[in-house]
Amino acid sequence: MSQFVFLYREDKTPSPQELESRMAKCLVWFKDLEKNGHLAYYGHPLNRTDGGVVRDSKGSVTDGPYAETKDIVIGFSVIEAKDFDQSVKLAAACPLVASGCLIEVRPVLKL
Amino acid sequence: MEADGPFYRRERARLLAALTRVFGVENLSLAEDVVQETLAKAFETWAFGGVPEHHSALLMASAKNRALDVFRRERTARKFAPALQHVIESEWTLRPAVEELFLPKALQDDELRMMFSCCHPQLAEEAQVALILNMLCGFGVEEIARIYLASVAAVEKRISRGKKILGAAQRLFELTAKDFAPRLSAVHRALYLLFSEGYHGASDEAVIRAELCREALRLARLLVDHAPAATSATYAVAALMCLDAARLPGRTDEIGDLIALVEQDRSRWDAKLIAEGLAFLEQSATGSELSEYHLEAAIAGMHATASRFADTRWGEIVGLYDMLLTVRPSPVVALNRAMAVAQLEGPEKGLESIEAISGIERLEDYPFYAAALGELELRCRRIEVARAHFEKALDLARNEAERRFLARRVEDCAGGKPAISRATLP
């Protein structure tokens with residue numbers, strides 16, 4: 001098994017109603033991952049409004065890492081999967097994707 | 001329509017009522033923003049790992065922290081209550097003041113006071129109901145427009161005008177105010193209208209209509225639980241809602257089609273709600289007041305306690321309708337009375353009663369007026385006349401469920417199937 005970091009990205013802020021229905025679906029998805037031994041670490045949701053990117057050793061901070069997109073990372077988890085293909089399948093089933101988020105899947109570097 | 005989850009509607013009302021008190025009614029939109037933000041953050045957090053056990057307390061604590069931030073950020077930009085204005089200027093006094101505003105004792109009547117505030121005498125009844133739906137039941141403008149088959153723009157206008165009038169009050173209605181009694185009867189009326197919209201309303205969405213009934217009942221229970229508001233008429237309102245709502249499960253079949261009272265499977269009625277309704281009805285009998293709600297609750301109780309359609313005590317129901325007509329004369333009430341007369345003395349007498357109703361022409365567009373005529377004519381075996389009435393009713397039907405119900409009655413005329421009663425209102 002290998003580990004993959006899921007970075008959840010989104011470029012809009014859904015309404016509380018949408019977030020509640022999303023929450024219910026996410027809880028089911030996480031439970032499934034857990035049951036099947038795919039969840040290494042729940043991770044955390046991240047604050048959408050605060051935060052920034054440190055640019056240099058003087059501590060200059062800018063809004064986002066990329067000029068061309070307003071996607072921000074809204075959370076992360078660590079997932080166990082046997083290979084990248086399987087991790088992609090797991091990500092595709094995530095309700096966040098169905099509700100307009102992107103998931104960046106990054107394998108944890110191994111020697 | 002996807003119904004909102006269990007948290008949004010409930011928690012929004014509670015938080016909004018508290019923050020509106022804390023910020024002052026003139027800062028209503030600020031309170032609304034803070035509530036949306038609080039709930040959004042909570043749902044995002046809980047998506048990872050689950051909803052905590054004491055979620056209500058956590059949400060209120062989170063709202064309190066946000067309120068602190070708001071006071072810090074806005075203390076110069078915005079006007080708050082004069083008593084608060086100087087307290088929030090210093091960090092030393094701000095925190096204890098806000099803590100106090102969120103003590104359980106301070107929080108306990110907020111929703112009630114919000115409800116009374118929404119029933120402002122300068123607002124038309126429909127505007128009061130729209131405000132209650134929006135602020136206490138968490139319905140958005142679009143949902144309210146769908147409930148009333150109105151345009152979003154019209155509802156938006158109604159609500160924003162209502163909020164302006166509320167804002168002018170500067171603070172939530174005081175439950176100890178001297179105009180408490182008239183305000184309470186406006187609250188009764190608004191909750192009654194809210195419930196009726198769910199029970200008999202025009203919207204096609206059964207889920208939403210059941211939700212309206214549930215919300216009206218929740219707010220009525222809130223009144224019952226708070227001493228100054230728990231009057232005899234309040235108990236009657238709560239009784240009426242329980243006894244009607246108890247029969248909701250029997251009112252539609254598996255595919256959502258309406259079922260007439262005579263054909264309903266009474267074992268599907270909610271026995272617990274009936275018991276609760278009867279208990280409220282009993283409590284409503286203390287004192288000498290006999291409101292329209294008492295009478296309607298008594299009629300609902302007659303239906304709810306008849307174990308078979310044939311056991312219904314029509315004589316007493318006619319008597320109750322007679323009294324109701326003196327308190328609230330209306331052609332709809334008179335029509336229901338006529339249908340009870342038809343059960344008691346036969347369809348010809350029922351038709352005579354309908355003819356005698358003054359102002360019956362006001363029901364020209366009401367599908368169940370034509371349907372009532374159809375039922376009685378059918379039972380008099382004048383099948384062609386009956387069919388014409390049912391066809392007219394079908395033309396007037398306001399939604400798919402009514403349409404299917406009335407279309408079936410038109411078909412029944414071909415088979416000559418009689419015997420549906422109580423204005424055919426399921």
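Two residues are taken to be in contact if their C-beta atoms, placed from the backbone, lie within 7 Å. By this criterion, in what is a predicted model, B:E11, B:L15, B:A18, B:L19 and B:V22 of helix 1 of chain B meet B:S56, B:L59, B:M60, B:A63 and B:A67 of helix 3 of chain B. When sorted by class, the residues of this contact comprise eight nonpolar, one polar and one charged. The axes of helix 1 and helix 3 of chain B come within 11 Å and cross at roughly 30°, and the crossing of these two helices is right-handed. An α-helix has 3.6 residues a turn, so residues three or four places apart point the same way.

Helix 3 of chain B, which spans residues 55–74, also holds B:L58. The C-alpha atom of B:L58 is separated by 32 Å from that of B:L184, a residue 126 positions away along the chain.

As a whole, chain B contains 22 helices and zero strands. The radius of gyration of chain B is 24 Å, close to the 22 Å that the globule rule gives for 426 residues, so chain B is as compact as a globular protein of that length. Along the principal axes, the C-alpha atoms of chain B fill a box of roughly 85 × 45 × 40 Å. Of the 426 residues of chain B, 44% count as buried, and among the contacts in chain B with a separation of 6 or more, 64% are accounted for by residues 24 or more positions apart.

The crossing of helix 7 and helix 8 of chain B is right-handed, and the contact is made by B:M114, B:M115 and B:C118 on the side of helix 7 and by B:Q128, B:L131, B:I132 and B:M135 on the side of helix 8. The residues of this contact divide into six nonpolar, one polar and no charged.

Helix 8 of chain B is mostly covered, with nine of its eleven residues buried. These buried residues are B:A127, B:Q128, B:V129, B:A130, B:L131, B:I132, B:L133, B:N134 and B:M135. What covers the buried residues of helix 8 includes helix 1, helix 7, helix 9 (141–147), helix 10 (152–168) and helix 11 (180–200) of chain B.

With regard to the neighbouring chain, 16 residues of chain B are in contact with 15 residues of chain A. Helix 1 (6–23) and helix 2 (28–46) of chain B each supply at least two residues of the side of chain B that touches chain A, and helix 2 of chain B gives the most to that side, with seven residues. By class, the side of chain B that touches chain A has eight nonpolar, five polar and three charged residues.

Terms used:
Residues numbered from 1 in each chain as written. Chains lettered and ligands numbered in written order. Predicted model: local features only at pLDDT ≥ 70, side-chain atom pairs only at ≥ 80, totals over all residues. Left-handed = near helix turned anticlockwise from the far one by under 90°. Helix = DSSP H or I, 4+ residues; strand = E, 2+ residues; numbered from the N terminus. Nonpolar A, V, L, I, M, F, W, Y, C, P; charged D, E, K, R; others polar. Rg over C-alpha atoms; globule rule 2.2 N^0.38 Å. Buried ≥ 20, exposed ≤ 12 C-beta atoms within 10 Å, placed from the backbone. Axes fitted to C-alpha atoms, helices over the stretch in contact; angles between N-to-C directions.
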